[in-house]
Amino acid sequence: MSLAMDLTLGTEAQALLEEMLKITSQNLVHMEVTEHYQIIKELGKGKYGQVVLVTHRQRGTPMALKLLPKASTKLQNFLYEYCVALSLSAHPAIIGMFGIAIESSQHYGFLYEAALHRDLISIIKPKAGIPEPAAKLCAKQLVSALDFIHSRGLVYRDVKPENILLFDRHCHCIKLTDFGLTRPQGTLLRLVTGVIPYTAPELSRGTGDTPGLPIDASLDAWALGVLIFCLLTGYFPWEKTLPEDSFFEDFVEWQESGLDEDLPFHWRPLSNDAISMLRKLLAVEPSKRGPLRCVLSYLDRPWRAEMVAKGH
Ligand SMILES: Nc1ncnc2c1ncn2[C@@H]1O[C@H](COP(=O)(O)OP(=O)(O)OP(=O)(O)O)[C@@H](O)[C@H]1O
Ligand SMILES: [Mg+2]
């Protein structure tokens, strides 16, 4: 997709969201959570909020409730996350919403589908990952969900196992959640301070002086590459995409040389097909990065190396 096309889609997405935001702010329901809902247990916690399992007092319907403390959350940011989630929730691999946003004395909150099998991080075995069929099911559903988000002019920006919810143990049904960082394509993004393994190098590279990077779908392609690596190996490929991280430096060297002997150690359990797929998703230069859907052509090939062939 051309950059011009990206920008039109991004501008349209922005205009639509602003409209939704205004209307939603007029329809925020004021109530104390326990008036209408019974809190059953905590489902999870993130940097910004807490998610609890609730049931509707009269009807018994189980739902997830994401609570964001008013003290640390701007109303606009809450509404933004809610509206983005609502606008994307029709996709089968994106969490379903109930269309209810509330304001209590302490919190903003919204009701959505509860995932009773927790998130992807809970099944990744350190130093091993998850079974290959499950990794492929995840990759396939995530490509579809992210492509859908991109087709709506948005960039997700937070692909990581904590944000991928499981509806069964074998990953036949997974759903993306947490749209707090999602932005329209073309949004200028100041370079990030909290660099994590999923942060694309173009975001961690710059200095505070640059005007900002117009974001596009290639950020999500990078993060999906890192995620698939984690699913297959149980390791992060690096801690951060900065020259001071020797794992990242070794990877960049191999990306440039393409020589088998430069392949970093933790990549060895991967098949040649998986390596070539990840090399596309993890192209250091964003314009050379493979589109997400390049993953689809690798789904019917092995992703882990035959133990025998590699001499283990
Ligand atoms: N609908 C749900 N069903 C089950 N568990 C959920 C649900 N939504 C969230 N969780 C759990 O709660 C955690 C935090 O939720 P979420 O990612 O939305 O919060 P956050 O504060 O925005 O997170 P972050 O720190 O990534 O910004 C998730 O990682 C997941 O484990
Ligand atoms: Mg999260």
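How many residues join E2 to E3 in the hairpin? Four residues link E2 to E3 there. Helices (H or I, at least four residues) and strands (E, at least two) are DSSP runs, numbered from the N terminus.

This is a predicted model: local features need pLDDT of at least 70, side-chain atom pairs count only at pLDDT 80 or more, and totals for chains, interfaces and linings use all residues. Residues are numbered from 1 along each chain as its sequence is written, while chains are lettered from A and ligands numbered from 1 in the order in which they are written.

**Overall form**

The protein has eight helices and 12 strands. Its radius of gyration is 20 Å, close to the 20 Å that the globule rule gives for 312 residues, so the protein is as compact as a globular protein of that length. That radius is taken over C-alpha atoms, and the globule rule is 2.2 Å times the number of residues to the power 0.38. The C-alpha trace spans about 65 × 45 × 30 Å along its principal axes.

Of the 312 residues, 39% count as buried. A residue is buried if 20 or more other C-beta atoms lie within 10 Å of its own, exposed if 12 or fewer, and partly exposed in between; C-beta atoms are placed from the backbone. Two residues are in contact if their C-beta atoms, placed from the backbone, lie within 7 Å. Among contacts between residues at least 6 apart in sequence, 68% join residues at least 24 apart.

**The sheet**

Six strands form an open sheet in the order E1-E5-E6-E4-E3-E2, with mixed pairing. Two strands pair if DSSP finds at least two bridges between them. E1 (29-30) and E2 are the edge strands, each pairing on one side only. Two of the pairings are set out here.

**Two domains**

The domain assignment gives domain 1 (3-112) and domain 2 (120-309). Such bounds come from an automatic or database domain assignment. The C-alpha centres of domain 1 and domain 2 lie 27 Å apart. Their contact takes 18 residues from domain 1 and 23 residues from domain 2. On the side of domain 1 that touches domain 2, helices H1 (3-26) and H3 (75-88) are the elements giving two or more residues. H1 gives the most, with seven residues.

**Around ligand 1**

The shell around ligand 1 draws at least three residues from each of domain 1 and domain 2. Of its 23 residues, Gly44, Gly46, Lys47, Ala64 and Asp178 come nearest. A residue is near a molecule if its C-beta atom, placed from the backbone, lies within 6 Å of it. Strands E2 (37-45) and E4 (62-69) each supply at least two residues of the shell. The largest share, three residues, comes from E2.

**A closer look at phenylalanine 247**

Phenylalanine 247 lies in helix H7 (residues 246-257). Is phenylalanine 247 buried or partly exposed? Phenylalanine 247 is partly exposed, because 18 other C-beta atoms lie within 10 Å. Leaving aside neighbours within four places in sequence, phenylalanine 247 is in contact with Pro237, Trp238 and Pro264. Phenylalanine 247 and proline 264 are 17 residues apart in sequence, yet 7.7 Å apart in space, C-alpha to C-alpha.
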